[in-house]
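Have the structure up on your screen as you read.

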Amino acid sequence: VLKAPHGNLSSCMDMAKVADLMAFVTSASSPCEDGSSDFIDSFGEQCLSVFKAIGLPSSVVLIRDLPSDLKGRNESKKICNHSLASEFPDHCKFYPADTKDDLHKFLYLLKEQRLKSPHWRNQRAYVASQKLEMLDHDSVSGKCTLCVTGYVRARNLSVNQLVHVSGAGDYQLSRIDILRDPYALNPRKVQDAMDADDVPDLQVISSLVPDTSKQEPLYVENVPDPLAGEQTWPTEAEMAEAEENQKHKKFKKRRLPPGTSEYQAAWILDESDEDDFGSGDELNDGMVLDDVENGAAPNEFSKTFGLEEDQGSLDLGVSDGETETDSVMVDGDMTREQIEDDIKRLKEAHAEDEEFPDEVITPLDVPARKRFAKYRGLKSFRTSSWDPKESLPPEYARIFAFDNFARTRKHVLAKALERDRSKDDTVSPGTYARIYIKEVPQNVASNVCLHARLTPIITCGLLQHESKMSVLHFSIKKHDSYQEPLKGKEELIFHVGFRQFVARPIFSSDTFNSDKHKMEKFLHAGRFSVASIYAPISFPPLCLVALKKVGDMSSPVLAAVGSLISVDPDRILLKKIILTGYPQRVSKVKATVRYMFHHPEDIRWFKPVEVWTKYGRRGRIKEPVGTHGAMKCLFNGVLQQNDTVCMSLFKRAYPKWPEHKFPLSNC
């Protein structure tokens with residue numbers, strides 16, 4: 001029996017993950033100001049919402065402080081049952097708990113009750129520590145062996161598989177000792193158990209050592225090969241195959257400038273409009289168009305209001321790159337005024353993001369073609385193509401990916417079932433065992449031992465591939481108790497099943513009818529979003545609880561809850577920005593627009609991108625006017641003077657690599 005420490009959410013959550021039965025204690029005499037009874041306090045409401053997110057095991061409610069008379073006792077119990085029935089599952093029962101007789105009756109009924117546990121808990125073997133030790137200190141390497149003693153639960157635990165120490169990381173096992181159970185349920189073994197308690201160490205029945213040929217290797221990050229991108233000379237077979245493919249390839253008819261040779265035509269990847277080749281002055285090395293509509297008449301749309309129909313998505317080319325200042329300041333180095341200013345600025349940015357989402361101001365001192373060089377336009381967010389392997393960041397060389405995640409998950413779970421049938425190198429559930437975890441850093445092991453004073457340390461077996469880093473996506477919702485803005489790329493502690501790791505997620509919407517998803521700067525309250533992080537691979541179903549450290553508070557606070565969706569580095573998250581301009585002079589479908597750009601070269605660079613207005617007009621840029629960034633635009637309808645002209649640009653966004661992966665590794 002473990003008593004959860006009131007006020008410590010992390011410890012309560014760790015106990016709830018391994019509990020077979022949870023007993024909630026409430027008082028029948030806790031009147032509120034309005035005369036009603038408040039049976040759940042604020043911390044209890046927070047805990048209950050977290051327990052529902054991770055999955056409630058079998059639960060009971062113990063009612064204290066009932067009246068002594070029988071009528072008042074039954075009435076108070078009925079009120080309590082009616083008030084709390086909606087907060088607990090249907091199988092939850094309510095028991096009085098004022099006297100020893102009440103508690104004896106509860107225990108008598110409990111032994112007949114069938115215990116239930118969340119589904120995700122039964123997919124992996126786990127051990128809740130009853131004793132922790134540090135052995136074999138090596139001063140040279142700074143590592144030791146962490147010894148965990150407890151009962152193996154749920155599934156068979158193999159000495160060859162990897163394990164995760166909650167909050168400390170993933171490790172290999174050096175040995176498993178099967179011990180004589182000190183609390184044997186079989187009456188014939190009671191005397192043996194008592195004899196075992198008399199000796200300093202528990203009796204070892206047998207030991208298991210890993211087989212080097214079968215032991216799961218501890219791969220965390222992929223080691224990138226700097227020469228992997230080097231071009232090699234093709235073989236004769238590859239050249240013959242390319243020639244054969246070239247013969248059978250069907251060429252689309254394209255309009256080319258007069259005098260274009262066959263060699264020059266091979267380098268023109270996209271169709272060009274007659275307007276682009278009408279005069280030499282309009283030719284420039286601006287953006288490249290792609291995603292041409294098949295079967296569409298080239299000038300069908302332009303005949304109506306002068307706008308090219310086949311403007312596809314566009315690439316803004318290569319430039320010096322966009323600089324993202326992601327300064328991370330330690331709270332201890334900031335004054336009180338700086339912290340207050342930072343919070344005020346964050347709240348203003350959150351309010352502005354809700355009122356004017358994605359709108360940015362074009363800088364005066366930096367050309368827009370350089371400031372937004374990584375962005376491109378899309379003719380259709382839903383249907384335009386975007387290559388998921390294009391211009392990947394260096395972190396993608398360190399992670400792992402699956403060709404078919406669903407098939408791999410099915411294969412891994414089938415392999416776990418085979419392990420349950422094996423008896424050679426595994427420990428069956430219900431066995432009292434001592435697990436030797438090797439090569440644990442001494443500072444991490446010390447933090448684990450300190451943490452074990454508050455709550456049992458959970459050691460869980462990992463499925464195949466679950467130590468490797470990849471990109472994980474979670475369905476996440478901001479918790480009602482967290483009122484501060486939650487910005488993307490802020491450091492959070494993710495509790496995913498039994499595992500804990502530090503991550504810096506980015507948030508996005510979940511678009512069902514498209515392979516592209518729009519990034520969100522903040523996690524907004526009241527709706528679900530998708531959080532994408534770099535983290536060790538996990539196989540769903542798994543629950544998620546996200547905690548955030550606030551200021552100098554020792555215990556992190558609850559920020560969000562959710563569940564694991566998938567592992568997919570190819571999921572495309574697009575950051576959207578909107579450049580705005582204002583009509584200066586309007587003549588029916590023509591208008592002179594200013595303040596969207598400040599240089600004529602920027603207008604020529606962004607000329608292929610379609611523009612739109614907040615009143616529903618669509619159009620295109622015709623030409624720059626003057627030297628201060630004004631431009632002529634054509635629209636598909638009459639433009640109003642008070643309308644706003646907008647241009648949507650997109651770039652792919654990625655999560656931020658965490659500075660340290662596990663909470664207890666940086667205490």
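The lining of the second largest cavity splits into 7 nonpolar, 2 polar and 3 charged residues (Ala, Val, Leu, Ile, Met, Phe, Trp, Tyr, Cys and Pro count as nonpolar, Asp, Glu, Lys and Arg as charged, and the others, Gly among them, as polar). Among the residues around this cavity are Tyr 396, His 473, Asp 568, Arg 571 and Arg 652, and the space inside comes to about 50 Å³. This is a predicted model, where local features need pLDDT of at least 70, side-chain atom pairs count only at pLDDT 80 or more, and totals for chains, interfaces and linings use all residues. Residues are numbered from 1 along each chain as its sequence is written, and side-chain values use heavy atoms, with hydrogens and water left out.

On a 1 Å grid over the protein atoms alone, a cavity is a set of points where a 1.4 Å probe fits but cannot get out, while a pocket is an open set with protein on both sides within 12 Å along at least five of seven lines; lining residues have an atom within 4 Å of a point. Points join across faces, edges and corners, and volume is the space filled by probe spheres set on them.

There are 4 cavities of 30 Å³ or more. Helix 11 (residues 405-421) supplies the largest share, 3 residues; helices (H or I, at least four residues) and strands (E, at least two) are DSSP runs, numbered from the N terminus.

Now for the second largest pocket, at about 1900 Å³. Strand 1 gives the most to its lining, 7 residues.
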